[in-house]
Amino acid sequence: MFKMYVFKGGTYRHDEIIEKIEDLGGIVMQKTPMQTEIDITFALQAPDLDNLKELAKKLKGDILEIPFGDMEIAIVSPSLSRHHLPHPVCDISEFLRRYGATTNIVGLARGYGKTIFQIKDIEKKMIEEHDAAIFSYGLFSDCIVLKEKETKEISTSYIICGGPSKMPFDNYIGNIGRKGGRMRSAAEIATLEELKEMLLEKIEKTRESIEKDPPPYAPVYIKRALEEQLGIKGTLGDNPVVLHLNGLRIKLPYNIYYNKICDVKIGNVTLGDLSRINKSYMNDTILVRLLSESELGGE
Amino acid sequence: MNIMLDSNPTKTDKNTIEKIIGYAPTPDMPIIIERKTTKDVTIKNTYDITTTKGILRIETYNNEYYQFFKNNIEKFEGLNIQWTDKNTVNFGTFPVNSDVTRKQFDYESYDVLFGLSGFDKSQGVIIFVKKGYIGNNGLEKGVFGKVVKGKHLLFEMESSDKIIKIEKRQVRSEIFDYKIVTSGNELVQENDHIITKVVVDLDENCPYTCEHFLFLTANGIFEITESLNTYCKNASLKGVTLPNEQTKLRSKGSLSVRISGKEEGCVYIYFNDSIEDKTHTVFGNVIKGLELLQQLKPKQKTKISSSIMRINTLGLTQLQAEKLVKKSGIEHIRVGNASDDAIIIRQDPELTLDAIKKNSIATEGVDPKNVFKVQLYEDVAPNTVRYFKIITGLKTRALGRLSVIFAHEEVDMILFTGDTKLGGDLIPENHPTNIVKAGDIGVTNMASRQKGTVGVRFNDNDEYGPTGEDFSHTNIVAHIENIGALSSIKDNDTIYLLLDG
């Protein structure tokens, strides 16, 4: 299974890293040059990662795993008011982005008072489009208990964050809650690390489950084919195709691009043969959900 | 005893490697012995449950509920769907000998467990959870497995569906041990498979790339430069540019050549499936001996062959070419100077695969006195020799050529076309100190704007190099003996070079 990594080093001889990735059957996702430094994000299947790391070390660079690099995560705020946004929703979002995640902040805004947080069908579907969700709540434990009942129906993996240090749920991280400023202190960063570790554990289970019945082509491979065949790389901002654990989100209008996306060639078949392609509930984007081997009728 | 030798069943009464294969392997060029051990490998207590809608594959946990499942499989075959709801699919019924409870438990999506219909112990059901929920099923949390394949079928189940068959997945897996053999004394056992060489199949859609490989393996040897889990590689022809003839999946056993970047020209053999990349042309695959390649380390070699014999006549005489072409069974036509000792400077088609397809090859000969022998200074000017071989074609051919850009009867030197871009890598080496000898071929190095230019003088000179540059701007790369024979050369002529020795 492909995992996501980033090479951080100098621009001098960075082409050797790129050539090695290509030789090992990896895919270079993105290059971010910054004067004499460069970040190269890539996807690779494990067997010779150590060899690549040796080369990076020789070039005085480093290779880090970015465990959320192929995921889109929703950070859900109960409302758009100042006591729920921006802190710590932004801190959680920024922290996860350092590990490669594409994050979307979903602000709920139905009703008033405590009932402003209403997860109806459309909000549920919007959140379930993501690989994971982080619910960022406030300080009151009885409020958090109420909200936790609403989230039970969400099928995607989720974690609840709040102010009280402990709550009677397994997937809870305390000591976040409502904050007046950025999370900068050592203790606050440690809390964010704890959140990251819990998320990693949940995602690992999802990855194992996908690995037992994977789609015939990995999402990173489909992304490369889409970008080449639709000619969208570098034309629609940095990230027009967002990876999911078992699919992708394409930031193009559904009505105009649906047929073109269905016809994208993958091996001897088309993307339409390998996936379900639907309109997203978010911003007129397109969701591609790759079908597993058993769904396609294989062993 | 019965053994296998390079995938061929063989009977032998000999017992050592050297006696069986006729030579002794060495540490530089080892062989391997493959020995089979066969095991029944049960994959994690996995079961395939065939239903009328398709196969559900479940992985089980080692608990008392799994034991109950395992010991009563025949009772569960033939069970019908009792009911489905938004969270579960339930097959039953059968009697259960456990205590009834009304406790609630937290179930995860795709759990497989036992429950009761209506809290009745005679109405046991197997429950497949579609979507995680909290509820009670009449029994303790009897989860004994998880659906790993066929999850989508749970959402398609209807009341008419049933379980047809339940089978444990078992794979008879052949596991091999590989012994690397570096001497002839190694003893051979019954049923050993001795692998001594690699055999490949080449793709006729890639004539240029195949020619590159045939040149690399002209002596029947493949040397490992780098060996990883994903591939092994030979870098002897690094720097040779080839066109992109075929982008294809690099499946296990594929042969490919990198066609761009610093490592262009290197040949790779893949041990794992790797996705296709535009930087690699896939031009063939290994049909025998991949296991041998996987065991080799850098600097070790192996015998390698394909069904195609390289047909390259450049630098041969017409007579030598005739004998070579006869071996391949295709028609040979002599053009130009057709005498037996004429040296061949051109063949049409140029490439082996094209000649085989056409079933004919024409070889153009010239008078031997128009072909010049050169001695390359590989030891003292390795970088410049590498450059010289690329620009003359001597890197991949027995016959090289240089195009004249300047020659005049009143000027003591001849200048030839070089490559300014490649010449940028020419660090100063082997530059003359006091004198440049007649016949010394020099190349302008990176210290001068005219880097890459090649030249030769008819007479010794103690001031300037063969390209008219200062001594410090000149690398001496080779020597031509019969320099006088070049005196009639004019602008735009081509001279042909053969390696001396």
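In this predicted model, helix H3 (residues 89–97) and helix H6 (residues 186–212) of chain A have axes that come within 11 Å and cross at roughly 60 degrees. Such axes are lines fitted to C-alpha atoms, for helices over the stretch in contact, and the angles run from 0 to 180 degrees between N-to-C directions. H3(A) passes H6(A) in a right-handed crossing, a crossing being left-handed if the near helix is turned anticlockwise from the far one by less than a right angle, and right-handed if clockwise. Helices here are DSSP runs of H or I with at least four residues and strands are DSSP runs of E with at least two, both numbered from the N terminus.

On the H3(A) side, the contact is made by Asp91(A), Ile92(A), Phe95(A) and Leu96(A), and on the H6(A) side by Leu192(A), Leu195(A) and Lys196(A). Two residues are in contact if their C-beta atoms, placed from the backbone, lie within 7 Å. The residues joining H3(A) with H6(A) divide into 5 nonpolar, no polar and 2 charged. In this classification, Ala, Val, Leu, Ile, Met, Phe, Trp, Tyr, Cys and Pro count as nonpolar, Asp, Glu, Lys and Arg as charged, and the others, Gly among them, as polar.

H6(A) also lies across strand S7 (132–136), strand S8 (157–161) and strand S9 of chain A, running at about 160 degrees to S8(A). These strands belong to an open sheet of 5 strands with parallel pairing, in the order S6-S5-S7-S8-S9 of chain A. Strand S6 (102–107) and strand S9 (172–173) of chain A stand at the edges with a single partner strand each, so one side of each has no neighbour in the sheet. Strands count as paired if DSSP finds at least two bridges between them. Strand S5 (residues 72–77) of chain A pairs with S6(A) in the parallel sense over 6 bridges, and Ser77(A) stands opposite Gly107(A) in S6(A).

In the loop between H2 and strand S4 (62–65) of chain A is Lys60(A), whose phi is near 60 degrees, a positive value in a residue other than glycine.

The contact between the chains takes 16 residues from chain A and 20 residues from chain B. Helix H1 (residues 14–23) of chain A supplies the largest share of the side of chain A that touches chain B, namely 5 residues. That side of chain A has 3 nonpolar, 4 polar and 9 charged residues.

At the level of domains, whose bounds come from an automatic or database domain assignment, chain A is assigned domain 1 (2–65), domain 2 (72–209) and domain 3 (219–290). The centres of domain 1 and domain 2 of chain A, taken over C-alpha atoms, are separated by 32 Å. Chain B is assigned domain 1 (43–170), domain 2 (197–306), domain 3 (318–366) and domain 4 (370–499), and the C-alpha centres of domain 1 and domain 3 of chain B lie 74 Å apart.

Chain B contains an open sheet of 8 strands with mixed pairing, in the order S15-S21-S14-S20-S18-S19-S17-S16. Its edges are strand S15 (221–223) and strand S16 (226–227) of chain B, each with a single partner strand, so one side of each is left without a neighbour in the sheet. S15(B) pairs with strand S21 (residues 301–306) of chain B in the antiparallel sense over 3 bridges, and the bridge partner of Ile221(B) in S21(B) is Lys303(B). Helix H5 (residues 207–216) of chain B packs on the sheet, and its direction makes about 55 degrees with that of S20(B).

Two cis peptide bonds of chain B may be noted. One joins Gly92(B) and Thr93(B), with omega about 0 degrees, and Thr93(B) is placed in strand S6 (residues 88–94) of chain B. Another joins Asp348(B) and Pro349(B), with omega about 5 degrees; Pro349(B) is found in the loop between strand S23 (343–348) and helix H8 (352–358) of chain B.

Residues are numbered from 1 along each chain as its sequence is written, while chains are lettered from A and ligands numbered from 1 in the order in which they are written. As this is a predicted model, local features need pLDDT of at least 70 and side-chain atom pairs count only at pLDDT 80 or more, whereas totals for chains, interfaces and linings use all residues.
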